[in-house]
Amino acid sequence: MIPSCSNKTHVHKASSIKTWHHPGQEDISPSEEVTDTEDNEEEDLGVLDDQRSVILHLLSQLKLGMDLTRVVLPTFILEKRSLLEMYANFMAHPDMFLSITAGATAEDRIIRFVEYYLTAFHEGRKGAVAKKPYNPVLGETFHCSWEVPRDKVKPLVRSNQGSTRESGRGSNNSQQGEDSPEGSYRVQFVAEQVSHHPPVSGFYCECRERQMCVNAHVWTKSKFMGMSVGVSMVGEGVLCLLEHDEEYIFTLPCAYARSILTVPWVELGGKVSINCIKSGYSATVTFHTKPFYGGKVHRVTAEVKHNLTNTIVCKAQGEWNGTLEFTYSSGETKVIDTSKLPVIRKRLRPVERQGRTESR
């Protein structure tokens, strides 16, 4: 079972963070891991005629609203990766993730979390074509890590030109740690399929030096909607910033595979929340589905609010796989183009050194 890092004894004693590992498996040493070179980009091709006939036959067996959990799908609509690995790809910008705890105030930290959250989906949903990751088997695990250069995680100050500059403030500058390779932080990730019916995945991610970790569980509920398939991500995650004794509880949007008979594509939809009870800050993020006529695709909006004063401290709008614009209470703005963000490749052991139940 994947542990929770929300235990208060862990919050007050950061040194008590333990590295999770599967029973009978030793902790994974950084020296065992190599940079992942596998390219999981999918070709943006339409459905071929012979494939369309298979899909039409499959659709003829389905009813509106039908649960697709037990439906056997043809392999040509599947990605070359497991769902557990897809969750790992949400951490493609670990430098932004680690910068959250460097925020000087609670307001700055939740805004950094929202900025990270909104930029995490474009790499997790690789490519424009809609393909489904393989279902993990019960007990399947996926392990990886990232080496993040320290100079990418320095506290930053926003400017009204949308650029950033280094700041001398932020207590984390003094915490360099001693057990990562010189010049970098190590972020570790593990995911496990903890239930088969219903299909539930758990994942845990931590950086000991930055005293922060994420623990989450997700139940994927899929249903047939005519010419599309909807997937609800039921569950929640908890981000723990141990240095600040803060917990941020967040939820996940729904995903939809549209135009499944022609060129299938993915859009996200629904309203998600981020809440920090201690600081009194919360955020609402809305993924807007495309209207039947007109309208933009992949649109997302967000608001960060201080609950005690009911004050909006940040607003965001744009596309989750395109350009995002953030406007702060000071009047300053910042633009992030997700397509231009540098992706830090994950590290993992070669397949021949992995266990039998690991995804690869």
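**View 1. Tyrosine 281 and the residues it touches.** Not counting residues up to four places away in sequence, tyrosine 281 touches Ala106, Glu107, Ile110, Ile274, Asn275, Cys276, Lys305, His306, Asn307 and Val313; contact means heavy atoms within 4.5 Å. This is a predicted model, in which local features need pLDDT of at least 70, side-chain atom pairs count only at pLDDT 80 or more, and totals for chains, interfaces and linings use all residues. Residues are numbered from 1 along each chain as its sequence is written, and side-chain values use heavy atoms, with hydrogens and water left out. Tyrosine 281 belongs to strand E14, residues 281-288 (helices, H or I, of at least four residues and strands, E, of at least two are DSSP runs, numbered from the N terminus). Tyrosine 281 counts as buried because its relative accessibility is 11%; buried means under 20% relative accessible area, exposed over 50%, and partly exposed in between, with a 1.4 Å probe and protein chains only.

**View 2. The side chain of tyrosine 281 and that of glutamate 107.** These two side chains make a polar contact at 3.3 Å. A polar contact is a pair of N or O atoms within 3.5 Å; within protein, one must be able to donate a hydrogen and the other to accept it, and residues adjacent in sequence count only if both atoms are side-chain atoms. Tyrosine 248 is 33 residues from tyrosine 281 along the chain, and their C-alpha atoms are separated by 9.4 Å.

**View 3. Glutamate 303 in strand E15.** The strand covers residues 299-306. With 35% relative accessibility, glutamate 303 counts as partly exposed. Its contacts, leaving aside neighbours within four places in sequence, are Ser282, Ala283, Thr284, Ile312, Cys314 and Lys315. The C-alpha atoms of glutamate 303 and cysteine 314 are 5.8 Å apart, while the two residues are 11 apart along the chain.

**View 4. Arginine 349 after strand E19.** Arginine 349 is in the segment that follows this strand (347-348). A relative accessibility of 8% is why arginine 349 counts as buried. Its side chain reaches the backbone oxygen of arginine 353 at 3.3 Å.

**View 5. Cysteine 240 and cysteine 254.** Cysteine 240 has 1% relative accessibility and so counts as buried, whereas cysteine 254, at 21%, counts as partly exposed. The whole structure has zero disulfides, a disulfide being a pair of cysteine sulfur atoms within 2.5 Å.

**View 6. Residues 6-25 and 159-179.** pLDDT (the predictor's confidence in each residue, from 0 to 100) stays under 50 over residues 6-25, for which the model has 40 contacts beyond four places in sequence. Over residues 159-179 pLDDT also stays under 50, and the model has 48 such contacts there. The mean pLDDT of the protein is 81, with 73% of its residues at 70 or more.
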